[in-house]
Structure formats: C-alpha cells, structure tokens
Amino acid sequence: MSAYVIAFANQKGGVGKTTSCINIAAAMASMGKRVLMIDSDPQGNTTSGLGINKKSLKATIYDGLAGEKTVDECILHTAYDNLDLIPSNIHLAGAEFELMDMEHREARMKNLIAGAADRYDIAVIDCPPSLSLLTVNALCAANGVVIPMQCEYYALEGLTQLMMTIRKVKQTYNPGLVILGILITMYNSRLNLSVQVLDEIKKYYADKLLSVTIPRSVKLTEAPSHGEPALYYDPYNKGTQAYTEAAKELLGRI
C-alpha cells in the first residue's frame, strides 16, 4: 500500500507552513505512523528544523528531481522514531529552471516519491512560499492539500489564488487531489480582525476548515532553532497539543 501524500501549501510566506508541516508530521510519527517528510523549499527550513545541517548533505531533493540520485540515496533517517526526511538546501533554487526543459516536468516529484511510497503510511511535502513549478510538482504528487493560514486580511486574498491553482492542477494533472483541510495558525481570539477573518473563512470554506486552531506560542517559534519538533522541545505547550489534535483530525479525514 502506498503512502498518503499531503502537501502543505500557501504561496504567502510567514503563515506557519513549515512549523505546521514539521509538527503535524512529528505528531503522526509519534502515533506510530511511518512518515516521510519532503522538504521542497530551497530555504531548507524543514531540514534545519529537524536538526540536520544543510551544508553537510550528500544528497538532497534537488538530486532526486534531477535524476542524479535515487530516492533511497536522498532519504535521511532523523533522530525521531518513524520520521524520515528528503532534505533540501539552496541548490534547489536552480531546479525551477532545469525542470522547465525536462520531460513530464510536473510529475518529477511524484515519480521520485513513488520509489519509496510503499514503505511509509504518510508522506508530507513542505512547499515553497510561491505558486512555482516546485509547488505544482508537490500538488501533482499529493493526495490531499493542507493550507496553513493566518487570520489576516491578505491571507484571504492569497487563499483565493491558491484555490485557483489547486483547481487548475486538479483539472490538468491530478483529478484525485482534494483539500484535506485549512489550518488556522498563530490565532489570537482577542484580536477582532482574527475573529472577523475566521468568520469569513467559515462562510466560504466551513467544510474544509479544521476544528483545531493553532495559538500563537513562543515555544513553537523557539523549537526550530533547537532543531527539534515542538513535540520533543516542549510536549505540554498549548501549541504543541493543538498540533497533535490537528494531526489526529487530519488522519481522520484521510
């Protein structure tokens, strides 16, 4: 049986996408799921957020997409049970241009993951903060999309654009693609704007919205600098516990 592939996507940066990807993957792994994380962002924040030195990598997702390494050569075992990683670093920035000339360029990531999919229950892809060819590759490889977003005005505008991209990928390349959930991050119920934006999202996407919201938390922002998912850095933190609940809810939707 192949892994269920989840892409964490939002073209807007700073919405807690990588934080959500790492912590939900770690929570799923702690529940006994075999999880493969794929860092498809040239910034490599997922890689460093799991305590891996980006400068000392022998193989990255770039090598896999370019066909220079097999998926097994790209996979690293992390320090955490049931959690493996295909890492990334700045070399991936050049992949956009190289992919343009490749045959079936939109399916490179899907084909790469397929080589290891039977060994995992879940694969999660951290997309770059752009609607680029790398993001399209992730959406073509995915069964479901999770959209992490902040409750602010511009987030709504970005959500409309992202929905259009998902619809286009669904029509052209991946008819089985579904929106698994919209995850509200950095939520502060005391701010009127946050409450208003959340009400607006409920109006249009109530069926897609996860019931769990992720609160603002200093511990969640500190954890990556220690190279640890929040689950290991501070398991009793409210943000950590919210991500665990979000992971359970997502598993229930698969």
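A crossing of two helices is called right-handed if the near helix is turned clockwise from the far one by less than a right angle, and left-handed if anticlockwise. Keep that in mind for the first stop. One thing before we set off: what you have open is a predicted model.

**Stop 1**

Select residues 133–141, which form helix α7, and residues 153–172, which form helix α8. Two packed helices are described by the angle between their axes and the distance between the axes. Here the angle is about 55 degrees and the axes are 10 Å apart. That makes α7 oblique to α8, and their crossing is right-handed.

Now show the side chains where they touch. On the α7 side, pick V136, L139 and C140; on the α8 side, pick T165, I166 and V169. Sort these by class and you get 5 nonpolar residues, 1 polar and no charged ones.

**Stop 2: inside α7**

How many residues of α7 are buried? It's 9 of the 9, so the helix is largely enclosed by the rest of the structure. Among them are L133, T135, A138 and A141.

Next, zoom in on N137, another residue of α7. Its relative accessible area is 0%; buried means under 20%, so N137 counts as buried. What does its side chain reach? A polar atom there lies 2.9 Å from the backbone oxygen of R105, and the side chain also has a polar atom 3.1 Å from the backbone nitrogen of R108. Leaving aside neighbours within four places in sequence, N137 is in contact with L99, R105, E106, A107, R108 and M109.

**Stop 3: S217**

Jump to S217, in the loop between strand β8 (209–215) and helix α10 (218–222). Is S217 buried or exposed? With 15% relative accessibility, S217 counts as buried. Draw a distance from its side chain to the side chain of N237, and you'll find a polar contact at 3.0 Å. A polar atom of the S217 side chain also lies 3.3 Å from the backbone nitrogen of L220.

**Stop 4: S225**

Last, select S225, in the loop between α10 and α11 (230–233). This serine is exposed, with a relative accessible area of 62%. Look for the backbone oxygen of E222: a polar atom of the S225 side chain lies 2.6 Å from that oxygen. S225 and I75 are 150 residues apart along the chain, and their C-alpha atoms are separated by 22 Å.

Methods
Residues numbered from 1 in each chain as written. Predicted model: local features only at pLDDT ≥ 70, side-chain atom pairs only at ≥ 80, totals over all residues. Heavy atoms only, no water. Helix = DSSP H or I, 4+ residues; strand = E, 2+ residues; numbered from the N terminus. Buried < 20%, exposed > 50% of the residue type's maximum accessible area, 1.4 Å probe, protein only. Polar contact = N/O pair within 3.5 Å; in protein donor to acceptor, adjacent residues only side chain to side chain. Axes fitted to C-alpha atoms, helices over the stretch in contact; angles between N-to-C directions. Parallel < 35°, antiparallel > 145°, perpendicular 65-115°, else oblique. Contact = heavy atoms within 4.5 Å. Nonpolar A, V, L, I, M, F, W, Y, C, P; charged D, E, K, R; others polar.
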